[in-house]
Amino acid sequence: MNQSTKIENVINYVKAHDIDFTHSKYVLYGRTGATNASLFLFGGLGALSMKQYIMVLGENYLTLILLSMSGDFKESFTTISYDDIFDISFKKGLITNLFIFHTDNEKIKIRCNKKIIGMHWQSTNMDSCLNHPAIAKYV
């Protein structure tokens, strides 16, 4: 069983790594899509280039905790200050919602499923994250 399905494990990881964290309702599971180049070059195997994350909306920082393909925590995470993000877009979909974070250097697209089996907290946290102060001023 993977570690990231339980919110308690996510909170323990966040506290152990001193990540900016305010409340468990501001935590989402998300993923980046496979690039068109990898899909073109490798066909269906290009989907292996997708990355899975736990997205933590803290008080001052957005943190993306990298997950392994099996859903276990890797010892790698990316922290982005809200000051570095100049625009946030949100697109609602039937099955997945899309967050797009625009920084000076890159555009980060994170797809978040509305519901995930085994992660009952995902659907309730989606609405909470949209009301997070850093997100609400753009969306």
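Modeller: Phenylalanine 101 is buried, with a relative accessible area of 1%; buried here means under 20% relative accessible area, exposed means over 50%, and partly exposed lies in between, with a 1.4 Å probe and protein chains only. The model is predicted, so local features require pLDDT of at least 70 and side-chain atom pairs count only at pLDDT 80 or more, while totals for chains, interfaces and linings use all residues. Residues are numbered from 1 along each chain as its sequence is written, and side-chain values use heavy atoms, with hydrogens and water left out.

Phenylalanine 99 is likewise buried, at 0% relative accessibility. Together with Phe90, the residues Phe99 and Phe101 form one aromatic cluster. Rings of Phe, Tyr and Trp (its six-membered ring) are taken to pair if their centres lie within 6.5 Å; planes under 30 degrees apart count as stacked, over 60 as edge-to-face and the rest as tilted.

Over the whole structure, a search returns 3 aromatic pairs. One of them is stacked and joins tyrosine 13 to phenylalanine 73, at 4.6 Å centre to centre and 15° between the planes. Tyrosine 13 belongs to helix H1 (residues 7-16) and phenylalanine 73 to strand E4 (residues 73-81), so this pair ties together parts that are 60 residues apart in sequence. Helices (H or I, at least four residues) and strands (E, at least two) are DSSP runs numbered from the N terminus. Tyrosine 13 is buried at 7% relative accessibility, and phenylalanine 73 is buried with a relative accessible area of 14%. Phenylalanine 99 and phenylalanine 101 also make a stacked pair, with 6.1 Å centre to centre and 5° between the planes.

Contact means heavy atoms within 4.5 Å. Apart from neighbours within four places in sequence, isoleucine 110 is in contact with Gly30, Arg31, Thr32, Tyr53, Met55, Leu64, Asn97, Leu98, Phe99 and Phe101.

Asparagine 113 is also placed in strand E7. Its side chain makes a polar contact with the side chain of arginine 31, at 2.7 Å. A polar contact is a pair of N or O atoms within 3.5 Å; within protein, one must be able to donate a hydrogen and the other to accept it, and residues adjacent in sequence count only if both atoms are side-chain atoms. Neighbours within four places aside, asparagine 113 is in contact with Arg31, Ile95, Thr96, Gln122 and Met126.

Glutamine 122 lies in helix H3 (residues 121-130) and is buried, with a relative accessible area of 0%. Residues up to four places away not counted, glutamine 122 touches Leu28, Tyr29, Cys112, Asn113, Lys114 and Ile116. Helix H3 is mostly covered, with 7 of its 10 residues buried: Trp121, Gln122, Asn125, Met126, Ser128, Cys129 and Leu130.

Cysteine 112 is buried at a relative accessible area of 0%, and cysteine 129 is buried at 0% relative accessibility. The closest cysteine sulfur to that of cysteine 112 is in cysteine 129, 7.8 Å away and therefore too far for a bond. With a disulfide taken as a pair of cysteine sulfur atoms within 2.5 Å, the count is 0 disulfides.

As for the whole chain, there are 4 helices and 7 strands, in the sequence pattern α-β-α-β-β-β-β-β-β-α-α. Buried residues make up 45% of the 139 residues. Among contacts with a separation of 6 or more, 46% join residues 24 or more positions apart. The C-alpha trace spans about 40 × 35 × 30 Å along its principal axes.
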